[in-house]
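Subject: Structure handover

Hi there,

Here is the structure I promised to pass on to you. Please have it open while you read, as my notes follow below.

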Amino acid sequence: MIRATVTGGVLLAVIAIAGCDRPPPYDAELLQRWNAMKADLGATFAGSPAWQAHMDFLEQGFADAGITDTARYPAPYERWWAPDQPMPNQRSLSIDGERLPVASYWAYSGSTSAAGITAPLVIYDKKLQPADIRDRIVVFRVQPAPASIERMFAIGHEYATEDFAVAAAGIANDQWYQGNFVTRFGRFDDALRDSGAAGAVVVFAMSAARLNGLYTFPLLNTGIIGVPGVYVDELTGQRLLAAAEQNRSASLTLIAHTETVEPYFYTAVLPGRDYGTPDDEQILLVTHSDGPNLTQENGTIGILALIRHYAAMPRAERPRSLRILLDPQHYSPGRHTINWYDEHTDIMTKVVAVLGVEHIGQLEYGEDESGYGLTG
């Protein structure tokens, strides 16, 4: 179900730019099937088997549409990963032998041995000295979004269907804020790096259902922190904070892995009538190919749909060429360490418009006194 006008607005915008006044043939069944295939892969982090499988699907689809001048530019990095569905002995948190629920893990934090670590708890405070957290499990707290964030989002949406305009407000703002807090606003990773801390737990102001599987974003720094960390919900966090105030210890296990991978930028062209001549003008269709869930990076599917639409027209009716660019760096640590645009000025001088396509067909979830679920 696509509720907002994201998809329609994007497609109509590129039609106007490309110089065509015919509406695109919406094939909801095909788009649904593509998204279902994408969802079945799970998270498509750059260089992972799921990412490569999705790229193989896209590249075949682009090839079938008649694209040309395909190129791949490597973007290697050290990938850190932990299982999305861990066994009990791969991720755990306990106090005095009692296991506490763990909602998710801190990406690029660190890893323990199979035996885990046991250490005293300490509640994080900016006034703490490095010696105060060395050899301890540090407990961080994330508060709900402040009023300033609400004001930042108060501009609303330029285009929205009527049902979207009256939907419950607030959850997206708070989810975005808390999900970004660990590495962007709180910079908890800076507090831990080279600190000698034994482990870390982040307590979010969310229910367990809402926090489950959260992958924090963005990863501003390169490299692995070196301190294993997990995420717990607000109710679990209350128990953990009480234990920390009593100077009790906890045991933490987080099994993670690293590997050197070589994902790549993918670019290709659907030629317009002037392609290959000095008069050629190009529209850049860009999105990131990596991410932790379906709609975070399903802009790739939107671009494939656009290319198929224009490929059905005679080349003579396409006044501009469409340049595809799929960027694998959106969820990599450091983010965008390779500036593809500056390295390919010969291509960019032909570009007259840029269209970013992402986050297609999202549904909003929220929580209130009745629980957690779709807001409608």
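By contact I mean heavy atoms within 4.5 Å. Helices (H or I, at least four residues) and strands (E, at least two) are DSSP runs, numbered from the N terminus. Please keep in mind that this is a predicted model, where local features need pLDDT of at least 70 and side-chain atom pairs count only at pLDDT 80 or more, while totals for chains, interfaces and linings use all residues. Residues are numbered from 1 along each chain as its sequence is written, and side-chain values use heavy atoms, with hydrogens and water left out.

**The chain as a whole**

The protein chain has 13 helices and 17 strands. Of its 376 residues, 48% count as buried, where buried means under 20% relative accessible area, exposed over 50% and partly exposed in between (1.4 Å probe, protein chains only). The accessible surface comes to about 18000 Å², and carbon and sulfur atoms hold 52% of that; such areas come from the Shrake-Rupley method with a 1.4 Å probe, and for residues, only the protein chains shown count as cover. Taking the contacts with a separation of 6 or more, 81% are between residues 24 or more positions apart.

Two packed helices are described by the angle between their axes and the distance between the axes. For helix α3 (residues 49–64) and helix α11 (residues 299–311), the angle is about 10° and the axes are 10 Å apart. That makes α3 roughly parallel to α11. The axes are lines fitted to C-alpha atoms, for helices over the stretch in contact, and angles run from 0 to 180 degrees between N-to-C directions. Angles under 35 degrees count as roughly parallel, over 145 as roughly antiparallel, 65 to 115 as roughly perpendicular and the rest as oblique.

Which residues meet there? On the α3 side they are H54, F57, L58, G61 and F62, and on the α11 side T300, I301, I303, L304 and I307. The residues of this contact divide into seven nonpolar, three polar and no charged. Here Ala, Val, Leu, Ile, Met, Phe, Trp, Tyr, Cys and Pro count as nonpolar, Asp, Glu, Lys and Arg as charged, and the others, Gly among them, as polar.

K38, in helix α2 (residues 28–41), is buried, with a relative accessible area of 2%. Leaving aside residues up to four places away in sequence, K38 touches T44, H54, N293, L294, E297 and I301.

**The eight-stranded sheet**

Eight strands form an open sheet with mixed pairing, in the order β4-β3-β10-β6-β7-β8-β9-β5. Its edge strands are β4 and β5 (104–105), each pairing on one side only. Two strands pair if DSSP finds at least two bridges between them.

Strand β3 (residues 91–95) is mostly covered, with five of its five residues buried. R91, L93 and I95 lie on one side and S92 and S94 on the other. β3 runs antiparallel to strand β10 (residues 249–254), joined by four bridges, and S94 stands opposite S251 in β10. β3 also pairs with strand β4 (residues 98–100) in the antiparallel sense over three bridges, with L93 opposite L100. The two strands β3 and β4 form a hairpin with two residues between them, and D96 in the turn has a positive phi of about 50°.

Further along the order, strand β8 (residues 199–203) and strand β9 (residues 229–232) run parallel, joined by four bridges. V202 has Y231 in β9 as its bridge partner. Helix α10 (residues 234–245) lies across β3, β4, β6 (117–123), β7 (137–141), β8 and β9, and runs at about 90° to β6.

**Backbone points to look at**

Most residues other than glycine have a negative phi, and most peptide bonds are trans. Where is the phi positive instead? D69, in strand β1 (residues 68–74), has a positive phi of about 55°, and at 46% relative accessibility D69 counts as partly exposed. Y108 has a positive phi of about 60° and lies in the loop between β5 and β6; at 4% relative accessibility, Y108 counts as buried.

The peptide bond from F217 to P218 is cis, with omega near 0°. P218 lies in the loop between α9 (208–211) and β9.

Best wishes
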